[in-house]
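Please keep the sequence and the structure in view while reading.

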Amino acid sequence: MVVDAATNYRPYSPISIDRNAKGFFELLVRKYPQGQFSSQLARMEPGDQATFFGPVASRFEYRRGATPQIGLVAAGTGITPMWQVIQAALADSTDTTRLSLVYASKSPSSILLKGELDRAAAEHPDRLRICFLVSQPDPAPSGGTRMVEWEALPAGVQLGRIDEHVLRAHLPAAPDSARTERLEDACHVLVCGPDSMIRDLCGPRARDGGVQPGPGGAMQARHPAIGGVLRNLGYRSSQVTWL
Ligand SMILES: Cc1cc2nc3c(=O)[nH]c(=O)nc-3n(C[C@H](O)[C@H](O)[C@H](O)COP(=O)(O)OP(=O)(O)OC[C@H]3O[C@@H](n4cnc5c(N)ncnc54)[C@H](O)[C@@H]3O)c2cc1C
């Protein structure tokens, strides 16, 4: 989390996961020209300083064997916490957790970490499945005409948005509560993206910046009851973490 005053901060998820690399972490930040923090970060030069605070405790911490399947649902920069989980799970060759990622972007050229994700899926086809969705193709170079022409979509990338149909097809099925003793053991779903997506998929987000002081003063993610599409699909609050 980068801060510029006690009450003004933005969360960022490092894309490097080595906890022993003291004094080093790597961020992937998308610059929004009107964005207060991202534009400042983008202007930084070597030697400049920024104040970071963290790590912030999350309700979900990846642990090998905690659940056999994890669904990951991300849009835009929401991919960064998912990439942490993917790296942690795949780094351990004795881990058998299966991961299904649904990742939405504006266009093929705006898909973040595409090369890394493709490589991870190619190296672990039995453990990582990815559904890339885009709202539109990239425009082709104009060639002097005024008509907009579109590039073909890259292999594995589809036009579409994250909706009930897509999630039903790609996420681990919500366990049948009548037959599963500990539902949390069967699967877990992580969601990270813009507020509008969180609202549609999970119901309204707690509106206090997303964190509150927990026991002992540690910051904890606040977690309201599940709603939206994931609730319709049968997931319980305890099986879904939205960031
Ligand atoms: C758990 C979590 C992890 C995150 N991890 C990362 C990360 O690793 N990398 C990263 O780049 N971001 C990440 N974000 C988003 C980040 O926290 C900021 O919201 C983002 O950098 C914008 O902050 P800002 O101060 O630049 O924009 P603000 O000043 O808050 O917004 C100003 C304007 O910028 C534009 N804008 C801001 N955000 C968006 C958006 N998402 N889509 C379109 N326009 C926008 C809008 O025009 C908006 O009106 C994460 C968010 C969460 C919740």
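In this predicted model, an oxygen atom of the ligand is 2.8 Å from an N or O atom in the side chain of Thr80. The protein covers 67% of the 940 Å² of accessible area that the ligand has on its own. Domain 1 (1–55) and domain 2 (63–242) both contribute residues to the shell around the ligand, so the ligand lies between them.

**The ligand and its shell**

- The ligand is surrounded by 17 residues, and the closest of these are Pro11, Tyr12, Leu28, Ser38 and Thr80.
- Sorted by class, the shell around the ligand consists of 8 nonpolar, 7 polar and 2 charged residues.
- Helix 1 (residues 36–43) provides the largest share of this shell, with 3 residues.

**Positions annotated as a binding site**

- An unreviewed UniProt entry places the feature "binding site" at Arg10, Pro11, Tyr12, Leu28, Ser38 and Thr80.
- Thr80, one of these annotated positions, is found in helix 2 (residues 79–91), and it is classed as buried because its relative accessible area of 6% falls under 20%.
- Arg10, which is also among the annotated positions, lies in strand 2 (residues 8–10) and counts as partly exposed, with a relative accessibility of 30%.
- The side chain of Arg10 makes a polar contact of 3.3 Å with the side chain of Asn8.

**Two exposed loop residues**

- Thr94 sits in the loop between helix 2 and strand 5 (98–105), and its relative accessibility of 54% is over 50%, so Thr94 counts as exposed.
- The side chain of Thr94 takes part in polar contacts with the side chain of Arg64, at 2.5 Å, and with the side chain of Asp92, at 2.6 Å.
- Thr94 and Gly65 are 29 residues apart along the chain, and their C-alpha atoms are separated by 9.9 Å.
- Lys31 belongs to the loop between strand 2 and helix 1, and with a relative accessible area of 52% Lys31 is exposed.
- From C-alpha to C-alpha, Lys31 is 8.0 Å in space from Leu41, while the two residues are 10 apart in sequence.

**Backbone geometry to check**

- Most residues other than glycine have a negative phi, and most peptide bonds are trans.
- The bond that joins Gly54 and Pro55 is a cis peptide bond, with an omega of about -5°, and Pro55 is placed in the loop between strand 3 (51–52) and strand 4 (69–75).
- Leu113 has a positive phi of about 60° although it is not a glycine, and its place is in the loop between strand 5 and helix 3 (114–123).
- With a relative accessible area of 11%, Leu113 is buried.

Terms used: Residues numbered from 1 in each chain as written. Predicted model: local features only at pLDDT ≥ 70, side-chain atom pairs only at ≥ 80, totals over all residues. Heavy atoms only, no water. Near = heavy atom within 4 Å. Polar contact = N/O pair within 3.5 Å; in protein donor to acceptor, adjacent residues only side chain to side chain. Areas by Shrake-Rupley, 256 points an atom, 1.4 Å probe, with all protein chains shown as cover. Helix = DSSP H or I, 4+ residues; strand = E, 2+ residues; numbered from the N terminus. Nonpolar A, V, L, I, M, F, W, Y, C, P; charged D, E, K, R; others polar. Domains from an automatic or database assignment. UniProt positions renumbered as here; feature names shortened; annotations may be inferred. Buried < 20%, exposed > 50% of the residue type's maximum accessible area, 1.4 Å probe, protein only.
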